[in-house]
Amino acid sequence: MIEEDELIRIWQSSSNQDRIKFETSKLILDMKSSLDRFHKSVKYRDLTEFLNAIIMIPILIYVIYAIPYTLTKIAAFLLVLFLIYVVIKLRRLNKHKPNTLSDSYMDYLYQCKHYLSLQKKMRETAPYWYLLPLLICTILFTTSVILGKDIPLEQITWPLIIMSAIIIGGAIFVYLYNAWIIRKQYIPRLEKMEALIKAMES
């Protein structure tokens, strides 16, 4: 209790300039911790996508060769192109990763802000460039396999319904998860970064 009272007394006796310096230093430390966590999450996400591409592309190439159905071959080929596109897109985005050897901390902050904004935009547009192509290719692939076996329609109705429900449910989950990530991680970080930039410029 004595230590707390002493800290309050020191704080009250400090000049406004000292208080501003203290608040700015606190914002810098909080931002560093937040950015470290963010960079780790992006690194993990990218690694997951790269590994997924490394595993799935050879499998899909084998499918193109082994399965005789034309639509299945087309779907598998499109999935290969899709996986390559995702890897290229993520690698291009990483080129904007902030440089810790910037001339000044302000330059570094502006780079981080730009990088965060690009990552946020990528998440926001994911339903169009990621989810929709993946859904189309997956539906085409699974439907072509089922229809290619010449099974009577009444026998494949429920499998198609279940498959569609799983695919649509997965798409909804990915969409809601992206929205949650943007709301809980990207927007708060951008707001804190904007506050820190204003504090350092004042």
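The buried residues of helix H3 are Thr72, Ala75, Ala76, Leu79, Val80, Phe82, Leu83, Val86, Val87, Leu90 and Leu93. The structure examined here is a predicted model. Helix H3 itself covers residues 70-94, a run of 25 residues. The distance from the first C-alpha of H3 to its last is 37 Å, close to the 36 Å expected at 1.5 Å a residue.

Two or more lining residues are given by each of helix H2 (16-66), H3, helix H4 (105-148) and helix H5 (153-201). Helix H5 provides the largest share of the lining of the largest pocket, with 10 residues. In terms of residue class, the lining of the largest pocket comprises 19 nonpolar, 6 polar and 3 charged residues.

The cysteines were considered next. A disulfide is a covalent bond between the sulfur atoms of two cysteines. With a cut-off of 2.5 Å between cysteine sulfur atoms, the count for the model is 0 disulfides. Cys112 has a relative accessible area of 1% and is therefore buried, the cut-off being under 20%. Cys137, at 7% relative accessibility, likewise counts as buried.

Note on methods
Residues are numbered from 1 along each chain as its sequence is written. This is a predicted model: local features need pLDDT of at least 70, side-chain atom pairs count only at pLDDT 80 or more; totals for chains, interfaces and linings use all residues. Side-chain values use heavy atoms; hydrogens and water are left out. Buried means under 20% relative accessible area, exposed over 50%, partly exposed in between (1.4 Å probe, protein chains only). Helices (H or I, at least four residues) and strands (E, at least two) are DSSP runs, numbered from the N terminus. The expected span of a helix is 1.5 Å times one less than its number of residues. Ala, Val, Leu, Ile, Met, Phe, Trp, Tyr, Cys and Pro count as nonpolar, Asp, Glu, Lys and Arg as charged, and the others, Gly among them, as polar.
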